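Me: I have a two-chain model open and want to go through it with you. Can we start with the sheets and then move to the contacts?

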Amino acid sequence: MAKFRKKGGKKTPGISTASLPDIIFMLLFFFMVTTTMREATVLVRISAPEATQVQKLEKKSLVSFIYIGPPLNTKLGTDSRIQLNDMFADVKDIREFVQLERESKDEADRPFLTTSLKVDKETRMGIVTDVKQELRQVGAFKINYSTKKKAIVQK
Amino acid sequence: MARPINEINAGSMADIAFLLLIFFLVTTTMDIDTGITRKLPPPPPEEMPDIKVKERNIFKVLVNSRDRLMVEGKGGHISLLKEQAKAFLSNPNLLDPNSPEDMPEKRLVNIPLFGGDVWVTKGIISLKNDRGTSYDMYIQVQNELAAAVSELRDELSMDKFGMKFSKLSDNEKIKAIQKAIPMAISEAEPEDIGGR
């Protein structure tokens with residue numbers, strides 16, 4: 001016993017930092033869970049047009065995205081293509097896409113589903129009109145033209 | 001006799017976790033999606049009777065494939081569009097049932113907050129674009145038209161409630177303003193489908 005007492009002295013023991021990593025990990029997991037990483041890898045180039053009258057897109061979980069723009073892979077041409085989820089699609093695939101999106105959501109949320117059109121500004125309206133007509137046919141009436149917010153210039 | 005095993009120093013564990021945390025904070029894009037929200041009309045029934053709207057009640061905006069504007073039959077410019085649309089939709093006196101010859105007619109709407117029946121403009125903005133119009137131009141036009149409506153709403157809201165329309169929190173008041181100045185932007189049915 002005497003042996004130990006000699007070594008210990010009268011120093012106060014330091015505060016244990018062993019639980020600090022756990023606290024930080026908790027923070028880490030919180031961030032990992034709350035930030036939505038659901039964004040599909042975009043295969044088309046999109047530079048959104050700017051507008052002043054923009055609204056925030058609410059309830060991100062109820063939004064499905066349709067990307068339209070020229071493919072990033074230039075071998076596929078420069079014409080604008082439609083991208084749904086992770087692959088290129090045709091106008092007639094939109095029907096199925098919307099149906100699947102609708103199916104995956106809760107019954108009560110279905111009327112609030114919004115379709116966000118992320119369209120490159122160089123795109124011609126023809127393809128956008130086709131997509132809009134198709135969305136009308138399937139009853140996805142709420143749409144959102146994705147735009148960047150432009151600062152309002154005071155006159 | 002085995003030597004006592006030293007405890008692994010866990011002090012740096014926190015630093016490692018911090019590194020991970022900062023990595024996630026930096027890489028996750030917290031960008032807020034913004035955009036112009038619109039509601040599409042339901043598809044027209046098979047046999048739709050042509051709805052007759054008087055010429056004076058329509059504000060025609062056409063955009064051609066060269067992104068040129070035609071407003072009310074004359075060449076127009078994007079920078080003037082907002083003022084023109086505002087002038088068309090403006091309704092300075094809600095209680096006056098008559099409007100000048102060149103302005104759209106009015107119809108009676110019951111808005112209790114404004115003291116019962118008021119006269120609201122019948123004006124409709126009709127937007128038509130070509131298949132070759134660029135998306136950028138389309139959004140610019142939509143934006144200018146939306147700006148015209150929102151400015152008119154702001155003005156009325158300032159007049160009646162003393163604050164901007166976007167700052168209103170009372171649902172009743174929002175509804176009243178929306179009724180008094182409807183967002184009447186109609187997009188024409190695209191004329192040709194197919195034949196790209």
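Me: In what order do the five strands of the open sheet in chain B run, and what is the pairing?

Reply: This is a predicted model, to begin with. The order is β4-β3-β2-β7-β8 in chain B, and the pairing is mixed.

Me: Which are the edge strands?

Reply: β4 and β8 (185-187) of chain B, each of which pairs on one side only. On average, neighbouring strands of the sheet are turned by 30° against each other, direction ignored.

Me: How many bridges hold β3(B) and β4(B), and in which sense do they pair?

Reply: Three bridges, antiparallel. Within that pairing, B:Leu69 is opposite B:Gly76 of β4(B).

Me: What does α2(B) touch when it packs on the sheet?

Reply: α2(B) touches β2, β3, β4 and β7 of chain B, and its direction makes about 20° with that of β3(B). There is also α3(B), which lies across β2, β7 and β8 of chain B and runs at about 160° to β2(B).

Me: Stay with α2(B). How many residues does it have, and how far does it reach?

Reply: This helix, residues 78-89 of chain B, has twelve residues. From first C-alpha to last it reaches 17 Å, close to the 16 Å expected at 1.5 Å a residue.

Me: Which of its residues are buried?

Reply: B:Leu81, B:Ala85, B:Phe88 and B:Leu89 are the buried residues of α2(B). They lie on the same side of the helix, because they cover an arc of only 80° around the axis.

Me: Why would residues a few places apart point the same way?

Reply: An α-helix has 3.6 residues a turn, so residues three or four places apart do so.

Me: And what do those buried residues pack against?

Reply: In chain B, the buried residues of α2(B) pack against the strands β2 (58-63), β3 (69-71), β4 (74-76), β6 (116-121) and β7 (124-129), and also against α3 (135-161).

Me: Which exposed residues are on the face turned away from the buried side?

Reply: That face of α2(B) carries B:Ser79, B:Leu80, B:Glu83 and B:Ala87.

Me: Change of topic, the interface. How many residues of each chain are in contact?

Reply: 45 residues of chain A are in contact with 38 residues of chain B. On the chain A side, α2 (20-34), β2 (55-56), β6 (114-119), α4 (125-138), β7 (142-146) and β8 (148-149) each supply at least two residues.

Me: Which element gives the most?

Reply: α4(A), with nine residues. The side of chain A that touches chain B divides into 21 nonpolar, 14 polar and ten charged residues.

Me: What joins β7(A) to chain B?

Reply: Five bridges join β7(A) to β1 of chain B, residues 34-39, and the two strands run antiparallel. One partner to look at is B:Arg38 in β1(B), which bridges with A:Ile143.

Me: Last one, backbone angles. What is phi at A:Asn85?

Reply: Positive, about 50°, although A:Asn85 is not a glycine. A:Asn85 is in the loop between β4 (81-84) and β5 (87-89) of chain A. It counts as partly exposed because it has 15 C-beta neighbours inside 10 Å.

Me: And what about phi of B:Asp67?

Reply: Near 65°, again a positive value in a residue other than glycine. B:Asp67 is in the loop between β2 and β3 of chain B. With 17 C-beta neighbours inside 10 Å, B:Asp67 counts as partly exposed.

Definitions and conventions
Residues are numbered from 1 along each chain as its sequence is written. Chains are lettered from A and ligands numbered from 1 in the order in which they are written. This is a predicted model: local features need pLDDT of at least 70, side-chain atom pairs count only at pLDDT 80 or more; totals for chains, interfaces and linings use all residues. Two residues are in contact if their C-beta atoms, placed from the backbone, lie within 7 Å. Helices (H or I, at least four residues) and strands (E, at least two) are DSSP runs, numbered from the N terminus. Ala, Val, Leu, Ile, Met, Phe, Trp, Tyr, Cys and Pro count as nonpolar, Asp, Glu, Lys and Arg as charged, and the others, Gly among them, as polar. Two strands pair if DSSP finds at least two bridges between them. The expected span of a helix is 1.5 Å times one less than its number of residues. A residue is buried if 20 or more other C-beta atoms lie within 10 Å of its own, exposed if 12 or fewer, and partly exposed in between; C-beta atoms are placed from the backbone. The arc is that of the directions from the helix axis to the C-beta atoms. Axes are lines fitted to C-alpha atoms, for helices over the stretch in contact, and angles run from 0 to 180 degrees between N-to-C directions.
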